[in-house]
2 protein chains.
Amino acid sequence: MTTQKLSAVLDHIEADSDNSLARLFTLLRIKSISADPAHAKDCKAAADHLAHDLASLGFAAEVLPTGGHPAVVAKGNGGAPSGRPHVLFYGHYDVQPVDPVELWHRPPFEPAVVDHADGRKIIVARGAEDDKGQLMTFVEACRAWHKVTGSLPLDVTFLIEGEEEVGSKHLVAFLENHKKDLAADFALVCDTSMWDPDTPAITTALRGLVYDEVRITAANRDLHSGLFGGAAQNPIRVLTRILGGLHDDNGCVTLPGFYDGVKDLPPDILAQWKALAFTPETFLKPIGLSVPAGESGRLMIEQVFSRPTCDINGIVGGYTGEGSKTVIPSQASAKVSFRLVEGQDPAKIRAAFRAYVTERLPKDCTADFIDHSGAPAVSLDWQMKPLLAAKRALSEEWGREAQLIGSGGSIPVVGDFKRTLGLDTVLVGFGLDDDNIHSPNEKYDLKSFQKGIRSWARILAALADMPKA
Amino acid sequence: MTTQKLSAVLDHIEADSDNSLARLFTLLRIKSISADPAHAKDCKAAADHLAHDLASLGFAAEVLPTGGHPAVVAKGNGGAPSGRPHVLFYGHYDVQPVDPVELWHRPPFEPAVVDHADGRKIIVARGAEDDKGQLMTFVEACRAWHKVTGSLPLDVTFLIEGEEEVGSKHLVAFLENHKKDLAADFALVCDTSMWDPDTPAITTALRGLVYDEVRITAANRDLHSGLFGGAAQNPIRVLTRILGGLHDDNGCVTLPGFYDGVKDLPPDILAQWKALAFTPETFLKPIGLSVPAGESGRLMIEQVFSRPTCDINGIVGGYTGEGSKTVIPSQASAKVSFRLVEGQDPAKIRAAFRAYVTERLPKDCTADFIDHSGAPAVSLDWQMKPLLAAKRALSEEWGREAQLIGSGGSIPVVGDFKRTLGLDTVLVGFGLDDDNIHSPNEKYDLKSFQKGIRSWARILAALADMPKA
């Protein structure tokens with residue numbers, strides 16, 4: 001029966017396409033940058049907007065406080081026969097900062113559909129993909145089911161948070177405090193990528209993350225480098241010397257114990273990965289690079305999916321304006337993150353980094369640290385029923401077998417759901433490698449958005465028809 | 001005769017003290033930041049103001065174009081008996097940027113006299129010392145002579161430029177084009193420091209400067225560190241690795257050939273310097289440091305006066321705002337300067353730095369460079385007559401023997417005057433180590449300003465009475 005209704009739902013999605021896009025644009029216009037306290041009101045506005053929208057689809061929607069930006073929880077009863085599964089859908093309404101804003105070709109919060117150089121239609125705006133565009137594919141699929149059938153094919157609870165881009169600091173406490181409201185059989189997350197523009201994918205392995213900030217202080221004030229240079233310690237010199245030693249000549253991370261517990265890939269997986277067409281030509285050339293920069297002796301696909309890494313995400317000290325200033329600054333700081341794989345403990349990695357810095361500080365220098373976030377790596381069961389049902393639905397929509405893939409990125413909520421709510425997660429998303437997420441000119445293919453909505457409509461049907469475990 | 005008039009001039013300076021301060025404040029209120037194009041109008045305003053002021057003292061004053069901010073040239077005829085020397089006075093009206101502005105205790109362009117913690121009266125503002133306060137000591141001395149005697153005791157030409165803080169890029173061409181207007185017997189510059197708050201000094205050795213900016217580019221756009229981290233080259237990692245290698249474990253600069261031509265101090269000078277009370281306790285403790293950071297095995301006084309150095313004056317790349325962003329930036333850049341001593345060629349040092357960076361670039365990275373300025377070190381003749389005359393006058397005013405000292409800073413105009421105009425320079429200034437020049441809360445001791453004016457009044461008399469060489 002669900003399958004018969006699905007056809008009508010898919011027809012409605014096609015007919016309602018322009019309205020879906022207009023609703024996404026409304027959300028994209030809200031400047032919900034979670035990292036910037038100046039945009040706290042915009043974050044609240046995004047939450048209110050989503051709660052209002054979900055209420056219009058029959059959901060019991062609330063905007064709930066956290067220790068930071070609020071979360072939206074919305075419960076929709078499918079009026080479905082008992083025995084059908086209950087899913088918890090997770091997305092986030094917050095977006096990354098937009099700097100350097102001068103590199104955007106359009107204002108980042110004025111979304112538009114434009115023609116990509118290769119002819120694709122793309123939606124351009126901050127959050128177009130991550131995660132407003134992705135999250136709205138699921139919302140629009142629910143809307144279509146509700147419009148056509150008057151209800152959802154199964155029970156759906158929404159959890160939409162506003163602090164994903166700043167480390168979801170208050171999420172675990174929120175999950176603990178709302179266990180009953182968030183009870184479900186499994187979770188769905190739309191925040192990942194396709195294998196390629198024509199091939200859908202379900203992500204089953206995610207790297208973890210440790211993100212730390214270090215600030216080194218030397219003199220009690222900025223100094224003139226002519227008068228003091230040579231005698232006064234320079235914190236930029238100290239910082240570059242320490243950070244410059246984080247990798248060895250082979251691209252390996254030098255923190256003592258960094259690779260403890262990291263396993264090599266099983267030979268069969270390694271053989272499969274070797275066979276994939278994942279080459280510098282396909283992966284690096286579009287971003288202007290040609291040579292993998294990670295550990296020598298590892299496949300590039302290992303470097304991004306299954307090996308831990310270290311990146312300096314930001315550095316600043318001294319005079320950075322136009323022209324020159326002969327200053328020895330008092331302070332210099334850097335943001336450093338580590339992508340973790342199975343077997344690595346975030347707390348140990350953070351401690352190892354801080355010890356590494358502290359042990360290398362010369363006399364007269366001090367280091368302060370800020371913990372921005374941390375989460376272990378996640379491996380999901382490739383055989384769980386909801387995942388297989390979603391895989392079938394995706395393959396039908398795209399006319400190609402959906403791939404089960406790893407991802408270099410981190411989605412800590414997956415581990416949090418398992419630990420606090422006992423839920424497994426199915427990760428389906430429609431992002432592409434060239435979406436410029438976290439960068440200027442973020443985009444989402446119009447095809448990703450439109451077929452993403454259709455994909456979720458199919459997945460909801462497939463999950464509804466799946467026998468409850 | 002000059003000596004008799006001097007007494008009246010000094011009396012007038014005392015009586016006119018409040019007005020002198022008010023005139024300095026007027027100049028300090030002009031935001032003449034030469035590094036920032038947004039302040040070009042303010043630079044022009046400072047030049048106009050000074051020309052107008054000098055004209056009121058009987059000078060034939062003009063604001064003349066350069067390739068950048070304008071220069072003031074003002075010629076004052078002393079109506080002095082022939083045979084008296086003609087001096088060229090040099091100062092600069094431009095000031096350093098004020099960032100980080102949040103560390104200032106008062107708005108940087110609202111000058112005030114405040115009480116220092118130790119009881120000294122200090123003038124606080126950007127430029128209070130460097131160089132508006134210093135330059136006005138000479139202007140006020142001329143004003144007093146003009147007021148009391150109706151003329152100056154000798155011929156004075158002013159050259160006040162507006163690009164000293166950005167490398168004086170257009171100065172040499174300007175000197176070449178105005179040789180005739182700037183003809184004199186020797187030059188006076190007020191842009192240096194005292195030995196200590198009670199002991200005046202004449203600076204006879206200045207380090208040179210090479211200031212370069214390097215920008216490293218990797219990918220053609222900013223990347224998400226989860227998706228690309230491990231495979232994509234990170235320009236901050238490259239930059240820190242290269243800059244972190246500029247010093248070895250002994251604090252020596254590692255550029256090949258950097259120390260070529262650098263001579264050790266003559267044993268008698270080294271013995272004199274060892275005897276000076278120039279210790280970490282006196283020099284570093286006030287700025288919160290305790291251990292000299294330069295070449296091991298060298299006296300601290302060598303490290304700042306007679307040894308070449310390398311400092312990173314600024315670095316920036318990636319996300320530097322509040323919170324976290326998992327970005328691998330496309331670019332990272334740094335401002336790097338070298339203080340040079342006699343025997344080092346600025347062009348060779350710049351070339352060595354650029355070669356050092358370029359040779360260490362990994363595949364897929366490029367480096368661009370910006371030349372901000374360069375000047376060789378300068379050594380002046382300790383025995384020249386105007387210097388000895390100035391030394392006598394300073395010693396009389398302060399009641400202590402004026403010291404002949406070196407300076408770690410660079411005043412390239414000294415070399416430029418010698419090469420283009422054939423002039424030797426006498427460097428007299430009233431700055432102190434704790435003046436915070438180029439830093440937040442720049443100050444000039446009220447005593448430096450007041451006794452500086454008196455010092456110049458005496459020096460003008462001493463130079464007028466000096467037999468022309």
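## Exercises: domains and symmetry

Eight residues of domain 1 of chain A touch nine residues of domain 2 of chain A (contact: C-beta atoms, placed from the backbone, within 7 Å). This is a predicted model, where local features need pLDDT of at least 70, side-chain atom pairs count only at pLDDT 80 or more, and totals for chains, interfaces and linings use all residues. Residues are numbered from 1 along each chain as its sequence is written, while chains are lettered from A and ligands numbered from 1 in the order written.

**Exercise 1.** Describe the two domains of chain A and the side of domain 1 that touches domain 2.

*Solution.* 
- Domain 1 covers 2–206 + 377–465, and domain 2 covers 210–262 + 308–375. An automatic or database domain assignment supplies them.
- Over C-alpha atoms, they lie 35 Å apart.
- Class the residues. The domain 1 side has two nonpolar, five polar and one charged (nonpolar: Ala, Val, Leu, Ile, Met, Phe, Trp, Tyr, Cys, Pro; charged: Asp, Glu, Lys, Arg; polar: the others, Gly among them).

**Exercise 2.** Find what share of the contacts in chain A with a separation of 6 or more joins residues 24 or more positions apart.

*Solution.* 
- Take the contacts with a separation of 6 or more. Residues 24 or more positions apart account for 78% of them.
- The C-alpha atoms fill a box of roughly 80 × 50 × 50 Å along the principal axes.

**Exercise 3.** Determine how chain A is laid on chain B.

*Solution.* 
- Superpose by least squares on C-alpha atoms of residues with pLDDT of at least 70 in both copies.
- A turn of 180 degrees and a shift of 0.0 Å along the axis give an RMSD of 0.0 Å.
- Name the relation. This is a two-fold axis.
- Compare surfaces. The same surface serves both copies, as 100% of the contact residues of chain A recur in chain B.

How values were computed. Contact = placed C-beta atoms within 7 Å.
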